[in-house]
Amino acid sequence: MGSIRMIDIAVNFTDGMFRGIYYGKQHHVADVATVLSRAWSAGVDRIIVTGGSLEGSKEALTIAETDGRLFCTVGVHPTRCKEFEESADPEQHFQALLSLAQEGIQKGKVVAIGECGLDYDRLHFCPAEIQKKYFEKQFELAHATKLPMFLHMRAAAEDFCEIVERNRDKFSAGVTHSFTGNTEDCDKLLSFNNMYIGVNGCSLKTTENLDVVKGIPVERMMVETDSPYCEIKNTHAGIKFIKSLWPSKKKEKYDQNCIVKGRNEPCLVRQVLEVVAGCKGITDVDQMSKTIYHNTCRVFFPHDLDTAADALLAGRHDW
């Protein structure tokens, strides 16, 4: 697979599909260990597990503690922000998130606040006003913990950017992940000089998507799978740029040596890199991946950059 090193910034390991459960029905054994081993072999050397609710963030932290290369986020997804109001006391709910984040920082595992933001495609889960209120509130978590933000923006660019603008002094840096917006949305995000854009299969579906991705400077980009969702399908515009393939089988014919058809997993982050390079006309995927790796460390693993810089100064290149 070559020497490319990658960090998948978004994996939903708390999803039932990684326990073999699809639409409430058990199809195969839990296989996170197998999925991880495929990822490490493919050149992924760190994964950030996404938290999307208080309970989900607790679970993400528990998963992150099982391997030195796993990290996680703590926060509440826009579609789940009703949980603040449905708890006995929203302020207490907020404090519980803060305590969890602080505990995770001490364990060296929590690297961002999120996934939080706005999702106007799924207002049936949570109305816009509640989403906005608790998106804004979660910047206080970033401010209190000094952590970067892991953000979600879907069909809500104007309100999203307005809230980010108002709170830009409360967070050091952030990534708007699973980006599917247009060029104008992209330009708005890039106007925040501490904002990066996360690209996955959902960002690479159409020719229009690819045109937008072409315009994102590699220096402001991160890659992710958002597994088990957002895989690159055969119908996607970027499919022609893919070089790395894995055998796959349907969930009903589960085989641990194959990926499950239709279930995305972290090893496939390599395909995202290939499509990005292909649509940008970049032939040196290795160099591009180094830049993206560096961006990711700068935001989520800054101590690594210090180590790398020290090693460089000392003339060592073992990092």
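## Sheet and strand pairing

In strand 4, V44 is the bridge partner of M6. Strands are DSSP runs of E with at least two residues, helices are runs of H or I with at least four residues, and both are numbered from the N terminus. The model is predicted: local features need pLDDT of at least 70, side-chain atom pairs count only at pLDDT 80 or more, and totals for chains, interfaces and linings use all residues. Residues are numbered from 1 along each chain as its sequence is written, and side-chain values use heavy atoms, with hydrogens and water left out.

Strand 1 and strand 4 (residues 44-49) pair in the parallel sense over four bridges; two strands count as paired if DSSP finds at least two bridges between them. Both belong to an open sheet of eight strands, in the order 1-4-5-6-7-8-9-10, with parallel pairing. Its edges are strand 1 (6-11) and strand 10 (221-223), each of which pairs on one side only. On average, neighbouring strands of this sheet are turned by 30° against each other, direction ignored.

Helix 9 (residues 269-280) packs on the sheet and touches strand 1, strand 4, strand 9 (195-199) and strand 10. Contact here means heavy atoms within 4.5 Å. The direction of helix 9 makes about 140° with that of strand 10; axes are lines fitted to C-alpha atoms, for helices over the stretch in contact, and angles run from 0 to 180 degrees between N-to-C directions.

## Largest pocket

The largest pocket has a volume of about 550 Å³. A pocket is an open set of points on a 1 Å grid over the protein atoms alone, where a 1.4 Å probe fits, with protein on both sides within 12 Å along at least five of seven lines; lining residues have an atom within 4 Å of a point. The volume is the space filled by probe spheres set on the points, which are joined across faces, edges and corners.

Of the 22 lining residues, N12, H77, R80, R122 and Y229 are the closest to the centre of the pocket. Strand 6 (110-119) and strand 7 (149-154) are the elements that give two or more residues to the lining. The lining divides into two nonpolar, twelve polar and eight charged residues, where Ala, Val, Leu, Ile, Met, Phe, Trp, Tyr, Cys and Pro count as nonpolar, Asp, Glu, Lys and Arg as charged, and the others, Gly among them, as polar.

## Backbone geometry

A cis peptide bond with omega of about 10° joins G114 and E115, and E115 is found in strand 6. The peptide bond from S227 to P228 is cis, with omega near 10°.
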